[in-house]
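Me: I would like to learn how to read a strand in its setting. Can you take me through one case?

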Amino acid sequence: MTTAGHPSTSGPAPQADALGSSRAPSRRELLRFAGALGIGSALAASSCTRATAGGVASPSGAPSQVPTRPFGRSGEHVSALALGGYFDALNNQAFLAEALALGVTYWETTLSFGGRGYGEYFRRHPQARARVFLLAKTNGASTEQMNQELHATLSDVGTTHIDFFTIGSLRDGSLLTPAVRRWVEVTKASGKIRHFGFSTHTNMEECLTLASQLGWIDGVLTTYNYRLMHRPAMQRAIDACAERGIAITAIKSQALETNPAATIGEESEAASQALSRQLASGRDPFAARLHAIWDNPQITSVCSMMTDSRTLGANARASFAREPATPLRGASARGSVAAPSRRYCAGCASVCEGALPAPLPVADVMRYLMYARSYSDRERAHREFAALPPSVRAALAAQDYRLAEQRCPEQLPIARLIREAVHQL
Ligand code: SF4
(Lines give C-alpha, C1' and ligand atoms only; values in the text may rest on other atoms or scores of the structure.)
Protein backbone atom coordinates (compact mmCIF):
# COMPACT_ATOMS: atom_id res chain seq x y z
CA MET A 1 0.00 0.00 0.00
CA THR A 2 1.38 3.40 -0.84
CA THR A 3 -1.04 5.63 0.95
CA ALA A 4 0.05 9.23 1.26
CA GLY A 5 3.40 8.50 -0.20
CA HIS A 6 4.44 6.03 2.44
CA PRO A 7 7.28 3.67 1.82
CA SER A 8 6.57 0.51 -0.05
CA THR A 9 7.28 -1.37 3.17
CA SER A 10 3.79 -0.42 4.05
CA GLY A 11 1.74 -1.75 6.88
CA PRO A 12 -1.05 -4.22 6.83
CA ALA A 13 -3.81 -3.00 4.60
CA PRO A 14 -7.28 -2.77 6.05
CA GLN A 15 -8.72 -6.21 5.61
CA ALA A 16 -12.24 -7.00 4.57
CA ASP A 17 -14.26 -9.09 6.94
CA ALA A 18 -17.21 -11.23 5.99
CA LEU A 19 -19.39 -8.14 5.76
CA GLY A 20 -16.91 -6.40 3.53
CA SER A 21 -16.06 -3.85 6.20
CA SER A 22 -12.59 -2.65 7.10
CA ARG A 23 -11.25 -3.98 10.32
CA ALA A 24 -8.53 -2.62 12.52
CA PRO A 25 -5.27 -4.50 12.11
CA SER A 26 -4.26 -6.88 14.82
CA ARG A 27 -1.65 -5.90 17.33
CA ARG A 28 0.85 -8.22 15.71
CA GLU A 29 0.18 -6.69 12.30
CA LEU A 30 0.73 -3.20 13.66
CA LEU A 31 3.97 -4.20 15.31
CA ARG A 32 5.18 -6.00 12.21
CA PHE A 33 4.47 -2.83 10.27
CA ALA A 34 6.26 -0.68 12.82
CA GLY A 35 9.25 -3.01 12.56
CA ALA A 36 9.20 -2.82 8.78
CA LEU A 37 9.42 0.94 8.93
CA GLY A 38 11.98 0.87 11.67
CA ILE A 39 9.60 2.70 13.90
CA GLY A 40 9.60 0.23 16.74
CA SER A 41 12.26 2.47 18.15
CA ALA A 42 11.45 5.58 16.28
CA LEU A 43 7.79 6.29 16.52
CA ALA A 44 6.25 7.38 19.60
CA ALA A 45 6.58 9.34 21.39
CA SER A 46 7.26 12.76 21.95
CA SER A 47 -1.70 22.04 18.11
CA CYS A 48 -5.91 25.15 13.59
CA THR A 49 -8.89 24.50 13.28
CA ARG A 50 -8.86 22.05 10.66
CA ALA A 51 -5.77 20.71 11.72
CA THR A 52 -3.96 20.00 8.61
CA ALA A 53 -4.53 23.38 7.02
CA GLY A 54 -1.45 25.25 6.05
CA GLY A 55 0.63 22.70 4.16
CA VAL A 56 2.68 24.13 1.31
CA ALA A 57 1.92 22.62 -2.07
CA SER A 58 4.64 21.21 -4.31
CA PRO A 59 4.70 22.05 -8.04
CA SER A 60 2.59 18.93 -8.56
CA GLY A 61 -0.06 20.40 -6.27
CA ALA A 62 0.51 17.92 -3.46
CA PRO A 63 1.50 19.39 -0.08
CA SER A 64 5.19 18.98 0.64
CA GLN A 65 5.45 20.74 3.99
CA VAL A 66 4.22 19.74 7.39
CA PRO A 67 1.26 22.03 8.16
CA THR A 68 1.25 24.41 11.09
CA ARG A 69 -1.21 24.96 13.89
CA PRO A 70 -1.69 27.67 16.50
CA PHE A 71 0.34 27.26 19.67
CA GLY A 72 -2.60 27.79 21.98
CA ARG A 73 -3.63 31.40 22.11
CA SER A 74 -0.10 32.71 21.80
CA GLY A 75 -0.70 33.99 18.27
CA GLU A 76 2.17 31.83 17.02
CA HIS A 77 2.02 28.78 14.78
CA VAL A 78 4.20 25.70 15.10
CA SER A 79 4.58 22.62 12.93
CA ALA A 80 1.95 19.95 13.59
CA LEU A 81 4.78 17.45 13.78
CA ALA A 82 7.54 18.06 16.32
CA LEU A 83 11.01 16.55 16.29
CA GLY A 84 11.55 14.47 19.43
CA GLY A 85 14.96 15.04 20.95
CA TYR A 86 16.10 11.54 21.88
CA PHE A 87 18.75 11.19 19.20
CA ASP A 88 22.33 12.25 18.60
CA ALA A 89 21.77 15.55 16.78
CA LEU A 90 25.48 16.38 16.91
CA ASN A 91 26.32 13.53 14.57
CA ASN A 92 23.17 13.88 12.46
CA GLN A 93 23.42 17.43 11.16
CA ALA A 94 22.09 16.58 7.70
CA PHE A 95 19.03 15.08 9.35
CA LEU A 96 18.24 18.45 10.93
CA ALA A 97 18.41 20.07 7.50
CA GLU A 98 15.99 17.44 6.20
CA ALA A 99 13.59 18.20 9.04
CA LEU A 100 13.62 21.90 8.20
CA ALA A 101 13.16 21.19 4.50
CA LEU A 102 10.00 19.25 5.35
CA GLY A 103 8.71 22.04 7.57
CA VAL A 104 9.36 20.26 10.88
CA THR A 105 10.30 23.41 12.78
CA TYR A 106 9.22 22.53 16.33
CA TRP A 107 12.28 20.88 17.94
CA GLU A 108 12.67 19.28 21.35
CA THR A 109 15.91 19.26 23.32
CA THR A 110 16.22 16.70 26.09
CA LEU A 111 18.21 16.65 29.27
CA SER A 112 19.95 13.42 28.27
CA PHE A 113 21.17 14.61 24.87
CA GLY A 114 21.32 18.32 25.62
CA GLY A 115 21.25 20.95 22.92
CA ARG A 116 24.81 20.78 21.56
CA GLY A 117 23.71 19.12 18.32
CA TYR A 118 21.21 21.86 17.62
CA GLY A 119 23.81 24.43 18.69
CA GLU A 120 26.27 23.12 16.12
CA TYR A 121 23.60 23.29 13.43
CA PHE A 122 22.68 26.87 14.30
CA ARG A 123 26.36 27.83 14.37
CA ARG A 124 26.73 26.56 10.81
CA HIS A 125 23.34 27.89 9.70
CA PRO A 126 22.63 30.98 11.81
CA GLN A 127 19.54 31.84 9.80
CA ALA A 128 17.89 28.58 10.84
CA ARG A 129 17.42 29.51 14.51
CA ALA A 130 14.64 31.97 13.69
CA ARG A 131 12.69 29.22 11.94
CA VAL A 132 12.81 26.81 14.86
CA PHE A 133 10.41 26.79 17.80
CA LEU A 134 12.69 25.35 20.44
CA LEU A 135 11.43 23.25 23.34
CA ALA A 136 13.70 22.55 26.33
CA LYS A 137 13.15 20.56 29.50
CA THR A 138 14.16 20.83 33.11
CA ASN A 139 13.76 18.38 35.96
CA GLY A 140 12.46 21.37 37.86
CA ALA A 141 12.96 20.10 41.41
CA SER A 142 13.75 23.69 42.46
CA THR A 143 13.97 27.10 40.82
CA GLU A 144 17.75 26.92 41.24
CA GLN A 145 17.83 23.72 39.22
CA MET A 146 15.49 25.21 36.62
CA ASN A 147 17.79 28.20 36.31
CA GLN A 148 20.87 26.02 36.00
CA GLU A 149 19.34 23.74 33.36
CA LEU A 150 17.92 26.66 31.40
CA HIS A 151 21.35 28.31 31.22
CA ALA A 152 23.03 25.02 30.33
CA THR A 153 20.61 24.61 27.42
CA LEU A 154 21.02 28.22 26.28
CA SER A 155 24.77 27.70 26.30
CA ASP A 156 24.59 24.33 24.48
CA VAL A 157 22.28 25.66 21.80
CA GLY A 158 24.07 29.00 21.57
CA THR A 159 20.84 30.94 21.67
CA THR A 160 19.45 33.80 23.69
CA HIS A 161 16.09 32.24 24.42
CA ILE A 162 14.04 29.04 24.61
CA ASP A 163 10.63 29.26 22.95
CA PHE A 164 8.92 26.71 25.19
CA PHE A 165 10.49 25.76 28.52
CA THR A 166 8.96 22.82 30.34
CA ILE A 167 9.26 20.83 33.53
CA GLY A 168 9.67 17.22 32.42
CA SER A 169 7.65 14.19 33.55
CA LEU A 170 5.23 15.93 35.89
CA ARG A 171 3.20 13.47 38.00
CA ASP A 172 1.21 15.97 40.08
CA GLY A 173 1.13 19.65 40.95
CA SER A 174 3.78 19.58 43.67
CA LEU A 175 6.39 21.28 41.47
CA LEU A 176 4.05 24.01 40.23
CA THR A 177 4.54 26.23 43.26
CA PRO A 178 4.11 29.99 43.69
CA ALA A 179 7.93 30.23 43.67
CA VAL A 180 8.02 28.56 40.24
CA ARG A 181 5.33 30.92 39.01
CA ARG A 182 7.43 33.89 40.10
CA TRP A 183 10.51 32.36 38.43
CA VAL A 184 8.52 31.95 35.22
CA GLU A 185 7.36 35.58 35.30
CA VAL A 186 10.85 36.91 35.95
CA THR A 187 12.47 34.67 33.35
CA LYS A 188 9.88 35.55 30.73
CA ALA A 189 10.45 39.23 31.46
CA SER A 190 14.18 38.69 30.91
CA GLY A 191 13.44 37.25 27.48
CA LYS A 192 15.14 33.93 28.18
CA ILE A 193 11.95 31.90 27.87
CA ARG A 194 8.85 32.78 25.91
CA HIS A 195 6.32 30.13 26.94
CA PHE A 196 6.22 27.80 29.91
CA GLY A 197 4.60 24.48 30.71
CA PHE A 198 5.33 20.84 31.46
CA SER A 199 5.30 17.34 30.05
CA THR A 200 3.39 14.46 31.61
CA HIS A 201 2.94 10.77 30.98
CA THR A 202 1.63 9.94 34.44
CA ASN A 203 -1.72 11.03 35.88
CA MET A 204 -2.16 13.06 32.70
CA GLU A 205 -5.80 14.00 33.21
CA GLU A 206 -5.10 15.42 36.66
CA CYS A 207 -2.05 17.33 35.44
CA LEU A 208 -3.93 18.75 32.43
CA THR A 209 -6.85 19.80 34.59
CA LEU A 210 -4.47 21.53 36.96
CA ALA A 211 -2.84 23.34 34.03
CA SER A 212 -6.25 24.66 33.00
CA GLN A 213 -6.84 25.99 36.51
CA LEU A 214 -3.50 27.64 37.25
CA GLY A 215 -3.67 30.42 34.69
CA TRP A 216 0.12 30.57 34.00
CA ILE A 217 0.67 27.42 31.93
CA ASP A 218 1.07 28.07 28.19
CA GLY A 219 1.49 24.54 26.92
CA VAL A 220 1.59 20.87 27.93
CA LEU A 221 3.14 17.80 26.34
CA THR A 222 0.97 14.86 27.31
CA THR A 223 0.62 11.20 26.50
CA TYR A 224 -2.35 11.26 24.12
CA ASN A 225 -3.29 8.74 21.48
CA TYR A 226 -6.14 6.88 19.82
CA ARG A 227 -6.69 4.82 22.94
CA LEU A 228 -6.60 7.49 25.62
CA MET A 229 -8.54 10.13 23.70
CA HIS A 230 -11.82 8.32 24.35
CA ARG A 231 -11.58 8.39 28.11
CA PRO A 232 -14.13 10.88 29.44
CA ALA A 233 -11.64 12.25 31.97
CA MET A 234 -9.10 12.85 29.19
CA GLN A 235 -11.72 14.54 27.01
CA ARG A 236 -12.74 16.82 29.88
CA ALA A 237 -9.11 17.69 30.63
CA ILE A 238 -8.30 18.46 26.97
CA ASP A 239 -11.48 20.56 26.68
CA ALA A 240 -10.51 22.52 29.79
CA CYS A 241 -7.03 23.23 28.42
CA ALA A 242 -8.36 24.19 24.98
CA GLU A 243 -10.79 26.59 26.62
CA ARG A 244 -7.91 28.28 28.41
CA GLY A 245 -5.85 28.49 25.21
CA ILE A 246 -3.22 26.02 26.41
CA ALA A 247 -1.26 24.40 23.57
CA ILE A 248 -1.36 20.59 23.75
CA THR A 249 1.42 18.54 22.18
CA ALA A 250 0.77 14.80 21.99
CA ILE A 251 3.49 12.34 22.98
CA LYS A 252 3.39 8.52 23.03
CA SER A 253 1.23 8.95 19.94
CA GLN A 254 1.46 5.37 18.70
CA ALA A 255 0.13 3.94 21.99
CA LEU A 256 2.76 1.23 22.10
CA GLU A 257 2.43 -1.23 24.89
CA THR A 258 4.14 -2.38 28.00
CA ASN A 259 3.92 -5.98 26.98
CA PRO A 260 3.35 -6.27 23.22
CA ALA A 261 4.14 -9.96 23.06
CA ALA A 262 0.97 -10.72 24.96
CA THR A 263 -1.50 -8.76 22.91
CA ILE A 264 -3.51 -9.44 19.81
CA GLY A 265 -6.43 -7.25 18.86
CA GLU A 266 -6.78 -5.93 22.36
CA GLU A 267 -8.11 -2.55 21.43
CA SER A 268 -11.09 -1.03 23.15
CA GLU A 269 -14.15 -0.72 20.93
CA ALA A 270 -13.84 3.07 20.79
CA ALA A 271 -10.14 2.90 19.94
CA SER A 272 -10.74 0.21 17.38
CA GLN A 273 -13.39 2.29 15.66
CA ALA A 274 -11.17 5.36 15.70
CA LEU A 275 -8.54 3.39 13.79
CA SER A 276 -11.09 1.76 11.47
CA ARG A 277 -12.34 5.20 10.47
CA GLN A 278 -8.83 6.25 9.51
CA LEU A 279 -8.03 2.98 7.77
CA ALA A 280 -11.25 3.21 5.75
CA SER A 281 -9.95 6.55 4.46
CA GLY A 282 -7.00 4.71 2.93
CA ARG A 283 -4.39 5.38 5.59
CA ASP A 284 -1.96 2.77 6.80
CA PRO A 285 -1.98 1.87 10.51
CA PHE A 286 0.88 4.18 11.39
CA ALA A 287 -0.64 7.21 9.67
CA ALA A 288 -4.05 6.22 11.02
CA ARG A 289 -2.76 6.57 14.57
CA LEU A 290 -1.29 9.98 13.87
CA HIS A 291 -4.41 11.22 12.11
CA ALA A 292 -6.65 10.02 14.92
CA ILE A 293 -4.80 12.70 16.92
CA TRP A 294 -4.53 15.35 14.22
CA ASP A 295 -8.27 15.10 13.57
CA ASN A 296 -8.71 16.78 16.93
CA PRO A 297 -8.15 20.51 16.32
CA GLN A 298 -7.50 20.97 20.04
CA ILE A 299 -4.13 19.28 19.58
CA THR A 300 -1.31 21.57 18.50
CA SER A 301 1.30 19.06 17.44
CA VAL A 302 2.49 15.47 17.70
CA CYS A 303 6.01 15.13 19.06
CA SER A 304 7.48 12.05 17.42
CA MET A 305 10.79 10.37 17.96
CA MET A 306 12.27 10.35 14.48
CA THR A 307 15.85 9.22 14.29
CA ASP A 308 16.46 8.71 10.57
CA SER A 309 15.34 10.00 7.20
CA ARG A 310 12.92 7.16 6.64
CA THR A 311 10.93 7.73 9.81
CA LEU A 312 11.10 11.50 9.40
CA GLY A 313 9.75 11.16 5.86
CA ALA A 314 7.00 8.74 6.91
CA ASN A 315 5.85 11.03 9.71
CA ALA A 316 6.01 14.15 7.54
CA ARG A 317 4.20 12.58 4.60
CA ALA A 318 1.49 11.35 6.94
CA SER A 319 0.85 14.99 7.87
CA PHE A 320 0.50 16.13 4.25
CA ALA A 321 -2.99 14.62 3.86
CA ARG A 322 -5.35 17.46 4.59
CA GLU A 323 -8.68 15.70 4.67
CA PRO A 324 -10.02 14.31 7.94
CA ALA A 325 -11.12 10.71 7.97
CA THR A 326 -14.54 10.15 6.48
CA PRO A 327 -17.24 8.98 8.88
CA LEU A 328 -17.90 5.26 8.66
CA ARG A 329 -21.29 4.05 7.61
CA GLY A 330 -23.18 0.81 7.87
CA ALA A 331 -21.16 -2.27 8.57
CA SER A 332 -17.89 -0.33 8.40
CA ALA A 333 -19.08 1.94 11.17
CA ARG A 334 -19.09 -1.01 13.50
CA GLY A 335 -15.39 -1.38 12.89
CA SER A 336 -13.56 -4.08 14.73
CA VAL A 337 -15.28 -4.91 17.96
CA ALA A 338 -12.66 -6.42 20.14
CA ALA A 339 -12.07 -7.31 23.72
CA PRO A 340 -11.41 -4.47 26.16
CA SER A 341 -7.91 -3.06 26.10
CA ARG A 342 -5.32 -4.98 28.10
CA ARG A 343 -1.57 -4.64 28.50
CA TYR A 344 -1.63 -0.91 27.79
CA CYS A 345 -0.51 1.10 30.80
CA ALA A 346 -2.70 4.18 30.81
CA GLY A 347 -0.42 6.18 33.11
CA CYS A 348 -3.00 6.46 35.92
CA ALA A 349 -0.30 6.14 38.57
CA SER A 350 -2.45 7.45 41.40
CA VAL A 351 -4.53 4.26 41.09
CA CYS A 352 -1.85 1.56 41.42
CA GLU A 353 0.67 3.57 43.39
CA GLY A 354 -2.10 4.71 45.72
CA ALA A 355 -2.76 1.07 46.54
CA LEU A 356 0.76 0.59 47.90
CA PRO A 357 1.73 1.26 51.53
CA ALA A 358 4.68 3.43 50.43
CA PRO A 359 5.24 5.38 47.20
CA LEU A 360 6.89 3.39 44.40
CA PRO A 361 7.15 4.46 40.73
CA VAL A 362 5.08 1.64 39.22
CA ALA A 363 3.85 3.66 36.23
CA ASP A 364 7.38 4.81 35.44
CA VAL A 365 8.60 1.23 35.40
CA MET A 366 5.76 0.30 33.00
CA ARG A 367 7.00 3.10 30.76
CA TYR A 368 10.56 1.80 30.89
CA LEU A 369 9.24 -1.60 29.80
CA MET A 370 7.49 0.12 26.93
CA TYR A 371 10.76 1.75 25.85
CA ALA A 372 12.49 -1.63 25.96
CA ARG A 373 9.76 -3.72 24.37
CA SER A 374 7.79 -1.49 22.05
CA TYR A 375 10.39 1.13 21.08
CA SER A 376 13.20 -1.46 21.14
CA ASP A 377 15.14 1.20 23.05
CA ARG A 378 16.70 -0.95 25.74
CA GLU A 379 19.43 1.59 26.37
CA ARG A 380 16.95 4.27 27.40
CA ALA A 381 14.99 1.75 29.46
CA HIS A 382 18.16 0.62 31.24
CA ARG A 383 19.34 4.18 31.78
CA GLU A 384 16.08 5.37 33.29
CA PHE A 385 15.60 2.26 35.45
CA ALA A 386 19.20 2.46 36.66
CA ALA A 387 18.59 6.08 37.71
CA LEU A 388 16.16 4.87 40.39
CA PRO A 389 17.84 4.72 43.81
CA PRO A 390 18.93 1.17 44.79
CA SER A 391 16.53 1.28 47.74
CA VAL A 392 13.62 1.96 45.37
CA ARG A 393 14.65 -0.87 43.05
CA ALA A 394 14.87 -3.20 46.03
CA ALA A 395 11.46 -2.08 47.31
CA LEU A 396 9.95 -2.59 43.84
CA ALA A 397 11.18 -6.18 43.85
CA ALA A 398 9.86 -6.92 47.34
CA GLN A 399 6.45 -5.23 47.12
CA ASP A 400 3.13 -7.08 47.22
CA TYR A 401 1.08 -5.78 44.26
CA ARG A 402 -2.17 -7.71 44.77
CA LEU A 403 -4.27 -4.68 45.73
CA ALA A 404 -2.71 -2.58 42.94
CA GLU A 405 -3.57 -5.30 40.42
CA GLN A 406 -7.14 -5.42 41.66
CA ARG A 407 -7.50 -1.68 41.15
CA CYS A 408 -5.66 -1.38 37.82
CA PRO A 409 -8.30 -0.49 35.21
CA GLU A 410 -6.25 -2.15 32.48
CA GLN A 411 -5.88 -5.32 34.56
CA LEU A 412 -2.14 -5.36 34.07
CA PRO A 413 -0.24 -8.19 35.77
CA ILE A 414 1.74 -5.58 37.69
CA ALA A 415 3.67 -7.98 39.92
CA ARG A 416 4.91 -10.04 36.98
CA LEU A 417 5.81 -6.98 34.88
CA ILE A 418 7.71 -5.35 37.73
CA ARG A 419 9.54 -8.62 38.36
CA GLU A 420 10.50 -8.78 34.68
CA ALA A 421 11.66 -5.17 34.76
CA VAL A 422 13.82 -5.75 37.81
CA HIS A 423 15.44 -8.77 36.16
CA GLN A 424 15.75 -7.42 32.63
CA LEU A 425 16.49 -3.74 33.13
S1 SF4 B 1 -0.28 -0.17 36.04
FE2 SF4 B 1 -2.51 0.01 35.80
S3 SF4 B 1 -3.15 1.42 37.44
FE4 SF4 B 1 -0.92 1.62 37.21
S5 SF4 B 1 -0.63 3.35 35.81
FE6 SF4 B 1 -0.63 1.48 34.54
S7 SF4 B 1 -2.77 1.20 33.91
FE8 SF4 B 1 -2.81 2.68 35.61
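**Strand β10 and its neighbours**

Reply: Start with pairing. Strand β9 (residues 193–200) and β10 run parallel, joined by four bridges. Strands are DSSP runs of E, at least two residues, and helices are runs of H or I, at least four, numbered from the N terminus. Two strands pair if DSSP finds at least two bridges between them. This is a predicted model, where local features need pLDDT of at least 70, side-chain atom pairs count only at pLDDT 80 or more, and totals for chains, interfaces and linings use all residues. Residues are numbered from 1 along each chain as its sequence is written, and side-chain values use heavy atoms, with hydrogens and water left out.

Me: Which residue stands opposite Leu 221 in β10?

Reply: Ser 199 does.

Me: Which strand do five bridges join to β10?

Reply: Strand β11 (residues 247–251), and the two run parallel. Thr 222 has Ala 250 of β11 as its bridge partner. The chain gets from β10 to β11 through helix α7 (residues 232–243), in a right-handed β-α-β crossover. Right-handed means that, with the strands pointing away from the viewer, the path from the first strand over the helix to the second runs clockwise. β9, helix α6 (residues 204–214) and β10 also make a right-handed β-α-β unit.

Me: Which way do the side chains of a strand point?

Reply: In a regular strand they alternate between the two faces of the sheet. Here Gly 219, Leu 221 and Thr 223 point one way from β10, and Val 220 and Thr 222 the other way.

Me: Are these residues buried or exposed?

Reply: All are buried, meaning under 20% relative accessible area (1.4 Å probe, protein chains only). Five of the five residues of β10 (residues 219–223) are buried, so the strand is largely enclosed by the rest of the structure.

Methods: Buried means under 20% relative accessible area, exposed over 50%, partly exposed in between (1.4 Å probe, protein chains only).
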